[in-house]
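Let's take a friendly walk through a protein model. Have a look at the sequence and the 3D view before reading on.

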Amino acid sequence: MKINSNSTAVILTACAIIFCLFTFCYTYFYQSDVLMADQYVLSDGQTKYYPLTAAILITVVLQMLQLLVRAFFRLYKSGHALTYLPSLLVLAVITSGGKDIDKHFSFGPWWWIVPILLVFFVFAAIVVRQIQEVEMPIKGPLLVSRSMWVNMLTLFVMFFLVGVAGNSDKVFHERMKMERLLLENNPEEALEVGKKSYDTDSCLTLLRVHALAKTNQLGERLFEYPIVGGAAAMSPNGNSVRTLMYPAKDILVQKKKSAVDYQLCEHLLNKDLKAFASLLVRTYPLNKPLPKHYREALYLYGVVTPYAQYKLHDNVIAADYADFKKLQRQTPDKDARQAVVRDVYGKTYWYYFFYKE
């Protein structure tokens, strides 16, 4: 493409397209659940968040802010991308909310970072404005011109800084996504969030316990997920174990509905196999297939407890447990042993019983 009188318009349009794509994707695909949580807390739950509408609105408003900045400072050549700094600064601020926003709202260091950056921007804009007056005309293909790539590089550096400043707490993102899906009455999809990750906290454990209870899978899948907080993480306490958007009362109602499974899993989390076995035989028909973790725990009870009153006779479980113990014996180093066992048996109650404090 040869340069013509429209070269400046092409650069401005390219920057606008890149900015709008980044802002929309960042707010809709990555920060949507965090923004929903922020709005819920700041409005005290009185407003509803619509992710698509919000992403479009944020993108449009920030683009309009850039147009105002451009009109005032008149940066059109190599320094044009700098006019997006105020918009991206706003984007960074609104997506930087922390996981404790429900306890106390604070701008954190932004109260002094924002004024400093704005002063820097004004100074830089004035300098760039002077430079562009004597800047040489663009020569050669526009798409590989110095002006185009200086603007692109400036934009991508600012995008990177927005990503660094925004909330990137993986566990918090997963918590908010789970809460949104539970609010949408979609517990099955909620259980897929972070399914393959070892990172968690007691609040995420609480949400998973609740989702499993709603789908009648507590005894079948609880130990397929990493657990933090033990039995205490099965009920909200308003502090270390809490929800942000999802009503705690709904969790307590579900706990009452699934009282037997909650009690059995509490015994398992406390590693009280005797109490577990005693309650199991009184509440579950043993002539029917038991949930996976209940079978694992009942068999383990018969193995590790001398003169156990209740024993599970299951050839498949017995063979799996024999392989589990064999794998333990084959790895002498303690740390290496846990890693090896986790890879194969990390989703069993046996792994939790022997390796979790």
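This is a predicted model: local features need pLDDT of at least 70, side-chain atom pairs count only at pLDDT 80 or more; totals for chains, interfaces and linings use all residues.

Residues are numbered from 1 along each chain as its sequence is written, and side-chain values use heavy atoms, with hydrogens and water left out.

**The nonpolar cores**

Let's start inside. A nonpolar core is a set of buried Ala, Val, Leu, Ile, Met, Phe, Trp, Tyr and Cys residues joined through side-chain atoms within 4.5 Å. Buried means under 20% relative accessible area, exposed means over 50%, and partly exposed is in between (1.4 Å probe, protein chains only).

The largest nonpolar core has 55 residues, and Leu222 and Tyr349 have the most contacts inside it. Among the elements that give two or more residues to this core are helix H7 (170–183), helix H9 (202–214), helix H15 (315–330) and helix H16 (334–345). Helices here are DSSP runs (H or I, at least four residues), numbered from the N terminus. Which helix provides the largest share of this core? That is H9, with seven residues. Apart from this core lies another one, made of 40 residues, including Ala16, Ala54, Leu75 and Ile101.

Now zoom in on Tyr349. Leaving out residues up to four places away in sequence, Tyr349 touches Phe223, Leu268, Lys271, Leu273, His293, Glu296, Ala297 and Leu300. A contact of this kind means heavy atoms within 4.5 Å.

**Aromatic rings**

Tyr349 also belongs to one aromatic cluster, together with Phe223, Tyr299, Tyr321, Phe324, Tyr345, Trp350, Tyr352, Phe353 and Phe354. Rings of Phe, Tyr and Trp (its six-membered ring) pair if their centres lie within 6.5 Å; planes under 30 degrees apart count as stacked, over 60 as edge-to-face and the rest as tilted. The whole structure contains 25 aromatic pairs. One of them joins Phe324 and Tyr345 edge-to-face, with 5.4 Å from centre to centre and 90° between the planes. This pair links distant parts of the chain, since Phe324 sits in helix H15 and Tyr345 in helix H16, 21 residues apart. Is Phe324 buried or exposed? Phe324 counts as buried because its relative accessible area is 0%. Tyr345 is also buried, at 11% relative accessibility.

Gln31 lies in the loop between helix H1 (7–30) and helix H2 (32–42). With a relative accessible area of 0%, Gln31 is buried. Beyond its sequence neighbours up to four places away, Gln31 touches Tyr26, Thr95, Gly166, Asn167 and His173.

Arg180 has its place in helix H7, and it is buried with a relative accessible area of 17%. Its contacts, not counting residues up to four places away in sequence, are Asp33, Met36 and Met245. Arg180 and Tyr246 are 66 residues apart in sequence, yet 7.7 Å apart in space, C-alpha to C-alpha.

**Salt bridges**

How many salt bridges does the structure hold? There are nine. A salt bridge is a side-chain nitrogen of Lys or Arg within 4 Å of a carboxyl oxygen of Asp or Glu. Here are some of them:

| Salt bridge | Closest N to O |
|---|---|
| Arg175 and Asp201 | 3.7 Å |
| Arg221 and Glu224 | 3.2 Å |

The bridge between Arg175 and Asp201 links distant parts of the chain: Arg175 is in helix H7, and Asp201 is in the loop between helix H8 (187–190) and H9, 26 residues apart. Arg175 is buried at 3% relative accessibility, and Asp201 is buried at 18%. Arg221 is likewise buried at 10%, as is Glu224 at 18%.

Glu266 counts as partly exposed because its relative accessibility is 23%, and Lys255 is partly exposed at 25%. Finally, salt bridges that share partners join Asp33, Arg180 and Glu184 into one network.
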